[in-house]
Amino acid sequence: MIKTYPYRDANPIPQNNIIYPYYRFDLFTNNSVLKSWKVIELENQYIRVLILPEIGGKIWTAIEKSTGRPFIYDNDVVKFRDVAMRGPWTSGGIEANYGIIGHTPNCATPVDYSIQYKKDGSVSCFIGVLDLLTRTSWQIEINLPKDKAYFTTSSFWYNASSDEQPYYTWMNAAILAKKDLQFIFPGNVYLGHEGQHHNWPINHQNGKHIDWYKENNFGGYKSYHVFGTLNNFFGAYWHDEDFGMGRYSTRADKPGKKLWIWGLSQQGMIWEKLLTDSSGQYTEVQSGRLFNQAEEKSSYTPFKHKGFAPHSTDAWTEYWFPVVKTKGMVMANNIGTLNVIKHHNGIDIYFSPLQKLNDSIVVKSDYKILVEKKLQLNVMQLYHQFIPLVNADSNFTISIGKHLLNYQSNPKSLVLNRPLDLPINYDWNSTDGLYTLGHENMVERNYAEAIKYINQSIQKDSNYTPALIDAAIIHYHNGDDLNSLFFSKRALAINTYQPAANYYYALANVRLDKIPDAKDGFQIAALDPGYRSAAFINLAKVYFKEAQFDKATYYAEQSLYTNYFNVDAYQLLTLIGRITKNIKLQTSSLEKLLSFNSLNHIAAYEKYLLSKNATNQKQFLATITNEFPGQTFLEMAIWYWNIGRNKEAIELLEMSPINTEIQIWKAYLKQQSLPDYLKPDMIFPFRNETNFILKKLMLQFDSWKLKYYSALIERNNNHKDLALKLLKSCDDRPEYAPFYAVRASLYNPEDSLLILHDLLRAYELEPTQWRYANSLVEFYSLHKKLEEAILLAKKTYEYDTANYLMGISYIQTLMQNKEYSTALNLLQSINILPYEGSTVGRNLYRKALLMLAIQQMKLHQYEKALAFIQRSKLWPENLGAGKPYDNMLDESLENWLEYQNYLALQDKNSASLTLQKIIDNSMQQLVIAEGSISPFRYYVTMLAFNVINNPTQKNHFEQQCIKKFPNSADIYRLIKDDKLNERSTLSFLSKMDDNAEIWTEWQRNVLQ
């Protein structure tokens, strides 16, 4: 039993967002329960590893047994908080992420798992799941050897889809954050999420050694993607405990490495209490296949996003281990950890082996051998030796064995020269620039934005082949096969051998049932090694469907030459062997597949078919333990259906847990009528195959559920007009609230009466579901019907006062109606459990107090106004946001209002000091350069300069702002060129800064 802070409240309304078909859980709690979790424990003589398959398969902790210390953070509780893309997330352990950027959709829910005992005495726990966003499947083998002080994580990631998918994968390991913690991350620069680069390990702006945790006591959250040297390890060391951890892989496997720190101000430290009870703050060390976790703006740098090619496979292995009594580390791998400490007269060498070692150590300086001796060490047996050096500054090398571990002391020996900046003359409005932005959005899964840029590129050059190909890919992904065919054919008209054009030409023709053209396209695409495996496996499926099993076998085997791990090929070969009674082909293919993809469910199903009985069926079903077993069965069934094997598809669906989508598929495959009762709750179809059968069934049955499900898929495919048409054809027949919420979201904003009708209908059907009430509240607020908004928000919040999201909505409506005192009282009692980075509660608190201050100023109650302003600078923790460092705060508005009150009180000294504070704080912001000077802050600072009449300093400030924050230069100049205090400036600023609303309120109520 583990103390657990659970999550709740799955969103029943299908959302049109990047994580569809997944849904979020939106509510969390400070009330704990004791909950039983399944824990898998791997243990040998040296380390102990705990895995929780019901929480994303997370490696919960890893402990070095001689010291009893965790080298992977061990959280004493399971405390879910709103951090991941679906909401729930827990701190600690090691978390694997695959698919799109962010914490994987499965990080807090059950995954598939199995345990295997190996012939070499090691034991493995396999975890994995189907990612619904990309239809890729990932698996990790967590292996603990019998006689070594490390464990490995071996990833296997397969793109089972026939089109390109997003490529994002990072392994996040949490470690305890303490002042003596040093990060050993070799490199000379670090990258940000937006591709910007800075110096490492010394911050040249403030001189801090940021590879020490305690030296990060400035700024906000930290993300350091360390880069710039050719290294294959990283680690961390707690010097007071003479203890550390390390991670190693080949650099080709994992070139990316990152540090994540919440920040040492209360802004970050508030998350210690939010995420644990007593285990202390943590930080994260992370490894990735790419150099940085690229956000949108990274597209404008060399560090772009990457796609995952169709039917391609990625596999890699990482080693995780403790480090004991080495005083630090300079190098590590799966052999052991090395540390070297320089002195004025020599060096101290410390080496801790992770496995039994019987080899030599050689130390050289200036090509002279200083030490050469035999090493016979047991696991974790520390080796220490002092070696005198005549010249303490001379470079030296240390070798253990011939190639087991090689260290060079020269820091320049491994420095890389990879470009860090985009060419300054690269034109983003050029044909290639627009294509690049489109391609970047495509591999981020932002298909609606991608096609806009791609179309613009094609408008500039209708024969630009890369843009034509991406247009074909996007239309294919969206189920628009005729347009996909059109663009692929245009690319082929330019180059008939273009591999991608041939491949997507073939895929579109398969869907359009133009099989000769499909075969032709796959055959020519296969001339290119990059598309050979995908083209051949798709060609094999075409021949299989025609019952040409010899050709299907040939092409499936051909696909393995360029991708030995092509999962589809082994699945197809196993099936062919079974159908043709070729036992050798069947069993050998099955054995090979299971040897590297242990959690493959089609392999498990085919294995069950070898000997069908109740016991084997039970064993097969037991392998599917993830959150969405129905989706796993449906994915398998569709694989068989796509190649014409309805028998297996039906059998799988008969074994599946029942849901509406499964029932619809069964009705279609068995050519039966739809069941009388189809419960649509929490079913969010997304596959084009499902849309195909829905359209077929709609020709036979007049069912609103078929139209509703088809509309969800069309909306997800960016066909919003078609989705709305389908839903409008249902009139008001559905007695199902999410239907009306979805339809309301598809109307144009000017269709307010139609929107209101549907929102009311949804609320009438489910008045206790707060989301429908909240949608109505937002509609009423938008249309200035504040009385209705407040009454409904109040009623809904009082029904469940633990629902802080509805509480925030209620407070916002009160604020809109200028009921600031009532709003403030609620803000003092509400307990907000925030999402990462959220400051919404504190922003409302600040705004309420400043508006109350302005009311007091209007009444000439300046002392009371000052008291409200002072309170507005506080950061109450019940609002879910911690206070950043003072130099990170923008209190220019608060200080300006204080200045005005001091003037009114004729306190010239305080007024002058407050005015100078505005200027000093903005000047300090220029020095630390964290973020930028907001347009509103710039505006107020320029006003302050005008008051003190210092044009020289004002001009210096202006020039420095333009120099340091060039992206805002045009806005700064616009503010300068306008006459300050004029309405046009504030109208402009109000579009980008909430402060302008408060400022306008002050001007309207106090100045006039």
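# Exercises on rings, strands and helices

Ile361 has Ile400 of β35 as its bridge partner. Before we start, a word on the model: this is a predicted one, where local features need pLDDT of at least 70, side-chain atom pairs count only at pLDDT 80 or more, and totals for chains, interfaces and linings use all residues. Residues are numbered from 1 along each chain as its sequence is written, and side-chain values use heavy atoms, with hydrogens and water left out.

**Exercise 1. Classify the ring pairs Trp262 with Trp271 and Phe739 with Tyr740.**

Step 1. Use the rule: rings of Phe, Tyr and Trp (its six-membered ring) pair if their centres lie within 6.5 Å; planes under 30 degrees apart count as stacked, over 60 as edge-to-face and the rest as tilted.

Step 2. A search of the whole structure finds 80 aromatic pairs. In one, the ring centres of Trp262 and Trp271 are 4.7 Å apart and the planes meet at 10°, so this pair is stacked.

Step 3. Phe739 and Tyr740 are 4.9 Å apart, centre to centre, with 80° between the planes: an edge-to-face pair.

Step 4. Now check burial (buried is under 20% relative accessible area, exposed over 50%, partly exposed in between, with a 1.4 Å probe and protein chains only). Trp262 and Trp271 are both buried, and so are both Phe739 and Tyr740.

**Exercise 2. Work out how the axes of α10 and α12 cross.**

Step 1. Axes are lines fitted to C-alpha atoms, for helices over the stretch in contact, and angles run from 0 to 180 degrees between N-to-C directions.

Step 2. The axes of α10 (residues 567-579) and α12 (residues 601-610) come within 10 Å and cross at roughly 15°.

Step 3. That makes the two helices, α10 and α12, roughly parallel, since angles under 35 degrees count as roughly parallel, over 145 as roughly antiparallel, 65 to 115 as roughly perpendicular and the rest as oblique.

Technical notes. Pairing = 2+ DSSP bridges. Helix = DSSP H or I, 4+ residues; strand = E, 2+ residues; numbered from the N terminus.
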